[in-house]
Structure formats: C-alpha cells, structure tokens
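Visitor: Hi! Could you walk me through this one?
Guide: Happy to, let's bring it up.

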Amino acid sequence: MGGLIYFSAVRCADAHQINYMETVSAPAKIILLGEHAVVYGQPSLAVPLSSLRTYAEIVNLPKGSGLKVVAADLNNQEFYVNSASQEIDSPLFTAAWLLLNHLDCPPPDATITLHSDIPIASGMGSGAAITTALFRALLLALNQSLSSEKLNALAYEVEKIHHGTPSGIDNTVIVFEQPIYFVRGQPIERLTIGKPFVLLVGNTGIGSSTKSVVSDVRTLYEANVEFITEKFNSIGELVRSGRKAIELGDHLNLGKIMYDNHQFLQEISVSSPSLDMLVDAARTSGALGAKLSGAGRGGNMIALVSPDKAPTIKNALLEAGAVQVYQTIVGK
Ligand code: MEV
C-alpha cells in the first residue's frame, strides 16, 4: 500500500444537501474475561460500553471540495483525501483509504470531524471505535451501506495494520455493539446476560500500547510455549465457566472467576503495580470480583459490585489511585 491512490471513475452517490450535518458514532468496549489468551485461540467475553463513544460529525460540502478529516482531540490529526492523495502515516488516513478502495468510490465532498470520549490507550478499544465511527461517516457521506459483517472485516484490517496480531475481539464487539462470546476465526456468538450486573471501570491513568503488550506476551510465549499454553488453557476454562455464570445470573461465581483470571494475567506479566493496587482495593472494599481489562500494564480494570456497595467501592478505587471510575450496568 504505497504511492498514489487512484479511485475508479465510478461515481458514488453524494445525496446529501450542502452544509447538511449528521453525526454517527461507535461505543467503547470492555473485555470481561479472556484477554491475551483470545489471541491464541481461547474464547473471550466482551461487552460494549454504550455510554462512552467516539462521534463523527459529517458536514457535506460543495462538489469538488474533497474530503477533510479532522481529529482535534486525537493528536490534532487533520488531513485531506482527494483522488490522487499521497499516502500519509496516519491510522485515520489508512482507514479512510481502505474503505474508499473497498467501495471503489472517490472521497466524498465533506468534512468529517471526530471527537472521542473514550480514553486513548486505556484498553477500551478507542482505536477500533475511531475506525468504526470514521467508516460510518464515510458511508453516510457517500450514501452507501455495508453489512456489519463487512464493516467488521474492514475494521479488523485496520486493527491488523496498527496492532500486529489482534484477535479481532475489539472491532467485533464495537461494530456489533452487543455482548459477545468470541473465538478468533469463528462465527460470533451473542452472550446472553441472565441477570444484569454492575461494573465499575477504574482507569489507572497510565497509557499502554496494546501492540507492545501483545508483542511482549508473544515473546514470553515463544520462550515458554508449554508453560504459557497451560496458562491460556486455564484462562479459556475460566471464560467458559464465566459464560455459564453470566447466563445463570450467578454473580458470586462470576466474581471469583474474575479474580482468578486476574491472577493468570499477573502470571503472564501483563498486570502492573497500579492495576494490582486497584484490584486489591476493589477486593478489600467488598467487590465480588475484579481484574484488569484489555491489554494491561496500564489502562483500565473492572470490578463487579453489588449495587448497594458501588459508592464505597468507587471511593476505594479513587483513593487507591484511579483517575476516573465509570459505573455501568451490563445487560440492562
Ligand atoms: C485488547 O483489547 C485485547 C487483547 O486480547 C488483544 C487482542 O485480543 O487483540 C490483549
């Protein structure tokens, strides 16, 4: 993928009136159980966090204006895409290029402005949410549509470019915006939530690169294949039990499974002192379960709490160093 970018002469419909403004979006995600092991074929459970989103605002411009993409709160990225753009080193540009080529459409005449409420590098899928929101904005500006399956496949291509060997769980839960039981390369299964449960999401405030943590785990795996495979198998077992606990509404058991999962994540060296402090604070203040969520080494942890204890546990997390604590109900 290099050099000039050419689009076919096929004219894609540009059906919106000039200066007409619309907004599309995509949610954050939380991995409940199974991160890292999912890269190696084990199952994992994830849910969307619909209250925290990336938004893309589309303003249609007069013909010939070209496409301008602005992401002021994402390192101030701003670029233009026209019918012979030079490739630039930007995840957003790559994503736009990929979709336009797939559709065989020239860039729409529009400005797309992205705003993200999802903390970056925090294990909440900000990258996949930004890609998905940008895709949805481009589709709208071009008056085109794609199935969620196709959108997901394209978002996975972008994830691969930026994250090396992702499992695909982030883009899948974000594009479909549904609780999922995910096994790499297999059809997506919807996760049924037997009884809603309350999660606190505690942000360490420490950014962490998914790509580098996943690559460190790969190095560890290659140096100790049997030992790490055993850990991944154990995590896979926990995920299968966790799925049953969620389906049955057995929050006590789910909590225990979360603590056990955190321990395995410590053993494969993806936790960190700040994540462990938050998990310990959750445990000592009465959470049913807690663990890091996402790639680890920073980012977020989650705590399963009974609704009456949520305020106390939230305070305990803040006192233990969380820079932010979100509360969400899963399955409502
Ligand atoms: C990142 O949100 C989840 C990881 O398992 C990586 C992946 O599945 O691609 C750490």
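Visitor: Let's start with I58: buried or exposed?
Guide: I58 is buried, as its relative accessible area is 2%. Buried means under 20% relative accessible area, exposed over 50%, and partly exposed in between, with a 1.4 Å probe and protein chains only. Before we go on: this is a predicted model, where local features need pLDDT of at least 70, side-chain atom pairs count only at pLDDT 80 or more, and totals for chains, interfaces and linings use all residues. Residues are numbered from 1 along each chain as its sequence is written, and side-chain values use heavy atoms, with hydrogens and water left out.

Visitor: Thanks. Which strand holds I58?
Guide: I58 belongs to strand β2, residues 44-60. Strands here are DSSP runs of E with at least two residues, helices are runs of H or I with at least four, and both are numbered from the N terminus.

Visitor: Now the ligand. Where does the ligand sit?
Guide: The ligand is in the largest pocket. A pocket is found on a 1 Å grid over the protein atoms alone, as an open set of points with protein on both sides within 12 Å along at least five of seven lines, where a 1.4 Å probe is used. A molecule sits in one if more than half of its atoms lie within 2 Å of its grid points.

Visitor: Which elements give two or more residues to the shell around the ligand?
Guide: Those are β1 (21-33) and α4 (169-176).

Visitor: Which residues are around the ligand?
Guide: The list is K29, I31, E35, H36, V38, V39, P166, S167, I169, D170, V214 and A295. By type, the shell has 7 nonpolar, 2 polar and 3 charged residues. In that count Ala, Val, Leu, Ile, Met, Phe, Trp, Tyr, Cys and Pro are nonpolar, Asp, Glu, Lys and Arg are charged, and the others, Gly among them, are polar.

Visitor: What lies 2.5 Å from an oxygen atom of the ligand?
Guide: That's a polar side-chain atom of S167. K29 also places a polar side-chain atom 2.9 Å from a ligand oxygen. With H36, a backbone N or O atom lies 2.9 Å from an oxygen atom of the ligand.

Visitor: How much of the ligand does the protein bury?
Guide: The protein buries 97% of the 290 Å² that the ligand exposes when taken alone. Those areas come from the Shrake-Rupley method with a 1.4 Å probe.

Visitor: Changing topic: what about the backbone at E177?
Guide: E177 has a positive phi of about 50 degrees, although it is not a glycine. Most residues other than glycine have a negative phi. E177 is in the loop between α4 and β6 (180-182), and counts as partly exposed because its relative accessible area is 27%.

Visitor: And what is the phi of R297?
Guide: R297 has a positive phi too, about 65 degrees, and is not a glycine. You'll find R297 in the loop between β9 (289-293) and β10 (300-305).

Visitor: Why does R297 count as partly exposed?
Guide: Because its relative accessibility is 29%.

Methods
A residue is near a molecule or strand if one of its heavy atoms lies within 4 Å of it. A polar contact is a pair of N or O atoms within 3.5 Å; within protein, one must be able to donate a hydrogen and the other to accept it, and residues adjacent in sequence count only if both atoms are side-chain atoms. On a 1 Å grid over the protein atoms alone, a cavity is a set of points where a 1.4 Å probe fits but cannot get out, and a pocket is an open set with protein on both sides within 12 Å along at least five of seven lines; lining residues have an atom within 4 Å of a point.
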